[in-house]
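Q: Please take one part of this model and look at it closely. Which residues face in, which face out, and what lies around them?

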Amino acid sequence: MIEQASPVVAAADGALPLFVELPFKWNYVESIIYVSLYVSLTAVLVSTLVSLPIAMLVGFSEFPGKGFLVALINTGMGFPSVVVGLIVLFAVSNQGPFGSLDLLFTTEAMILSQIVLAAPVITGVSLAAVTGVEDGVRDAAYAMGGTRLDVALVTIKEARYGIVTGILAGLGRAISEVGSVLIVGGNIARADGTSVTRTLTTAIQLEARQGRFELAMILGAVLVALVLLINGLVLRLGGSRI
């Protein structure tokens, strides 16, 4: 666990201290940030690669059961995270279908749970953005001799802001998740304080429960700063390069 360090005064001739050691190790905070970003960004990347083709296919096609599929996607956007955690826990446990992979209490299991949470959000918002593109845009692309791939790319370009919004929404749900990652990840840290499966959200919960409110507030500020930074970068890229 975290070692409580006493203040260190490095001063001469009664001058002010040059520095004061904080009551925690920075490698603890850095490892938590790394695990949080690794798990959330990987989950969102995989979710985006799966969700965009599904949104394009559902948006462009008419088939029996399409309304049910759309309703299922919309339901998944608000699916309780603890239920997702339980489902993934059963899947990766020793008796589950993926038990032989030994994924329980690993970052891979956490990524899997966040994929299940983020994918419906990205799919639903992207689907709304794709279907919101005017039919005239697609008709013009077809009239100019475009293939289905060309029409899809034109549609994505027109719907880029909605798609970026969906990715941001999925990232926001993933990086702020507590319940499912706590169930499948276990909130584990090594003896030296470095995180194994401890994320910013689960660490905040633990530190606040143990009365280390200063560290909990620092971790909370880091979480808010990361979300604001990622949102700003993605919005900038989405507005200028997509």
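A: Aspartate 102 counts as exposed, at 59% relative accessibility. Here exposed means over 50% relative accessible area, buried means under 20%, and partly exposed lies in between, with a 1.4 Å probe and protein chains only. This is a predicted model, in which local features need pLDDT of at least 70, side-chain atom pairs count only at pLDDT 80 or more, and totals for chains, interfaces and linings use all residues. Residues are numbered from 1 along each chain as its sequence is written, and side-chain values use heavy atoms, without hydrogens or water.

Aspartate 102 sits in the loop between α3 and α4. Its phi is positive, about 55°, although it is not a glycine. Asparagine 187 also has a positive phi of about 55° and is not a glycine. This asparagine belongs to the loop between α8 (179–185) and α9 (200–209). Asparagine 187 counts as buried, at 12% relative accessibility.

A helix here is a DSSP run of H or I with at least four residues, a strand is a run of E with at least two, and both are numbered from the N terminus. Helix α3 covers residues 81–92, and serine 81 is part of it. The expected span is 1.5 Å times one less than the number of residues.

Which residues of α3 are buried? They are Ser81, Val84, Gly85, Val88, Ala91 and Val92. Seen down the axis of α3, these residues fall within an arc of 125°, so they line one face of the helix. The arc is taken from the directions that run from the helix axis to the C-beta atoms. An α-helix has 3.6 residues a turn, so residues three or four places apart point the same way.

What covers this face? The cover of the buried α3 residues includes α4, α7 and α8. Contact means heavy atoms within 4.5 Å. Serine 81 is buried, with a relative accessible area of 18%. Leaving out residues up to four places away in sequence, serine 81 touches Leu117, Arg173, Glu177, Gly179 and Ser180.

A cavity is a set of points on a 1 Å grid over the protein atoms alone where a 1.4 Å probe fits but cannot get out, and lining residues have an atom within 4 Å of a point. Grid points are joined across faces, edges and corners, and the volume is the space filled by probe spheres set on the points. The count comes to 1 cavity of 30 Å³ or more. The largest cavity has a volume of about 40 Å³. Its lining consists of Ser36, Val39, Ser40, Gln114, Ala174, Ile175, Glu177, Val181, Thr199 and Thr201. Helix α1 gives the most, with 3 residues. Both α1 and α7 supply at least two residues each. The lining divides into 4 nonpolar, 5 polar and 1 charged. Nonpolar covers Ala, Val, Leu, Ile, Met, Phe, Trp, Tyr, Cys and Pro; charged covers Asp, Glu, Lys and Arg; the others, Gly among them, are polar.

Helix α7 also holds leucine 168. Leucine 168 is buried, with a relative accessible area of 14%. Leucine 168 and asparagine 231 are 63 residues apart in sequence but 6.6 Å apart in space, C-alpha to C-alpha.

Next, α2. This helix (residues 66–77) has 12 residues and reaches 17 Å from its first C-alpha to its last, close to the 16 Å expected. Its buried residues are Lys66, Ile73 and Gly76. They cover an arc of only 85° around the axis, which puts them on the same side of α2. They pack against α1 (26–60), α4 (107–131) and α7 (160–175). The face turned away from the buried side carries the exposed residues Gly67 and Phe68. Valine 70, also in α2, is partly exposed at 23% relative accessibility. Valine 70 touches Val58 and Leu127, not counting residues up to four places away in sequence.

The chain has 10 helices and 0 strands. Of its 242 residues, 40% count as buried. Among contacts between residues at least 6 apart in sequence, 69% join residues at least 24 apart.

Key: 1 Å grid on protein atoms, 1.4 Å probe; cavity = no way out; pocket = protein on both sides within 12 Å on 5 of 7 lines; lining within 4 Å.
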